[in-house]
Amino acid sequence: MIAPFTLLGIESSCDDTAAAVVRMGEAPEVLANVVMGQEALHAAFGGVVPEIAARAHAEKLDFAVEAALAGAGVTLAEIDGIAVTAGPGLIGGVLSGVMLAKGLAAATGKPLIGVNHLAGHALTPQLTDGLAFPYLMLLVSGGHCQFLIVRSATEFTRLGGTIDDAPGEAFDKAARLLGLAQPGGPAVEKAAEAGDPARIDLPRPLLDRPDCDMSFSGLKTALLRARDRLVDAAGGLTEADVADLSASFQAAVTEILGVKARRAIALYLEEAPEAPAFAVAGGVAANRAIRAALEEEARAAGVAFAAPPLKLCTDNAAMIAYAGGLRLAAGLTDDLTLSARPRWPLDAGAAPMIGSGKKGAKA
Ligand code: KG4
Ligand code: ZN
């Protein structure tokens, strides 16, 4: 039985200024989860501008923390530890959070805990669904795509991931090519509803390779060519063309993720986990076709399936507070020398990935 203790979490690694309060215990509880987005600040630039993001975090972070404490009905004195994203991410934003957390820790004497942002995502299914270690996780967002075996609060094995674009990024680019709105994922999914997924022949890169790596950038180029062929032939795109292109694109991404998930599940099951479970998180997991395909792979393999609620699988500070709470419980705290890291692979043993850093995309 763990005595309940309470963590403040701070997240500022991309374009969400976030603070949260989580009570750790037998059944962890999110007491407050404040996320202040910056979409409007970056909209005109077609992507996150790191300098603008950092400045906005510096301006908003203390308000986010105040709102989280007020929402949870606790004072800073009642907090048992201060967890902060220390990387990977856009360095100016990460620094804003780390500096605030250090200031709060120094002023209150509370423990400071630096958290890997990706560990926050990877541990969320335990916070929301109580999954037991080790579980398999697919993190699939606008900036990341990787299969991880989550073994403990600090041990992660990366089975594979994208070698170029993340699927969310590919959806966003596809939407741009088709004249659909941003963010592209929901727009392409909507357009695909009326489309024929078999009309446009798009590639399924890397499916011939027996590993869990994926590639999505060639798909986008193939979509561009298919679109241009249709435009050349008819002078423009009809609504049906956009629907068919969207459906064909979505079907390709779905198949790639499904086939690679099957392989990742098989690798994970080789370890004979006691309570096998597969969790998906990230904005792309909101896609119904993709979610259904992943759920079907889990069902076929006899593995439990979990998909945390969207507001806890997109960027937030509750996941940072929870991951920080697990570290605190294990005696893993930091001191005021904690530094902000632009890159910080979860699995130090895995080969470095192309595109594993941040380019202004979310993770
Ligand atoms: O996890 P998220 O909110 O932000 C991070 O990347 O951290 O994911 C955003 C990404 C965007 O690229 C968006 O287009 C994609 O998730 N997305 C979707 C859907 N909803 C959001 N992709 C496909 N289908 C969707 N329904
Ligand atoms: Zn993230």
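## Domains, contacts and backbone features of a predicted model

Pro88 sits in the loop that runs between strand S4 (81-87) and helix H3, where helices (H or I, at least four residues) and strands (E, at least two) are DSSP runs numbered from the N terminus. The peptide bond that joins Gly87 to Pro88 is cis, with omega at about -10 degrees. This is a predicted model, in which local features need pLDDT of at least 70 and side-chain atom pairs count only at pLDDT 80 or more, whereas totals for chains, interfaces and linings use all residues. Residues are numbered from 1 along each chain as its sequence is written, chains are lettered from A and ligands numbered from 1 in the order in which they are written, and side-chain values use heavy atoms, with hydrogens and water left out.

The table sets out the two bonds.

| Cis peptide bond | Omega |
|---|---|
| Gly87 and Pro88 | about -10 degrees |

Another backbone feature is found at Leu206, a residue other than glycine whose phi is positive, near 70 degrees; Leu206 belongs to the loop between H6 and helix H7 (217-234).

The protein is divided into domain 1 (5-128 + 311-329) and domain 2 (131-309), with bounds that come from an automatic or database domain assignment. Taken over C-alpha atoms, the centres of domain 1 and domain 2 are 28 Å apart. Domain 1 gives 16 residues to the contact and domain 2 gives 20 residues, contact meaning heavy atoms within 4.5 Å.

The size of an interface is often expressed as the accessible area lost when the parts come together. Between domain 1 and domain 2 the buried area (accessible area, 1.4 Å probe, that two parts lose on being put together, summed over both) is about 1,400 Å², and carbon and sulfur atoms give 70% of it. On the side of domain 1, the residues that lose the most area to domain 2 are Pro125, Gln126 and Cys313, which together make up 37% of what that side buries.

Across this interface there are five residue pairs in polar contact, both residues at pLDDT 80 or more; a polar contact is a pair of N or O atoms within 3.5 Å, of which, within protein, one must be able to donate a hydrogen and the other to accept it, and residues adjacent in sequence count only if both atoms are side-chain atoms. The side of domain 1 that touches domain 2 draws two or more residues from each of helix H4 (117-129), helix H10 (310-313) and helix H11 (318-329), with H4 giving the largest share, nine residues.

Between the two domains the count of salt bridges is zero, while the count for the structure comes to 16 salt bridges, each a side-chain nitrogen of Lys or Arg within 4 Å of a carboxyl oxygen of Asp or Glu. One of them brings together the side chains of Glu189 and Arg288 at 3.0 Å, N to O. Because Glu189 lies in helix H6 and Arg288 in helix H9 (residues 288-300), the pair ties together parts that are 99 residues apart in sequence.

Lys110 is placed in the loop between helix H3 (91-108) and strand S5 (112-116), and its side chain reaches the backbone oxygen of Ile79 at 3.0 Å.
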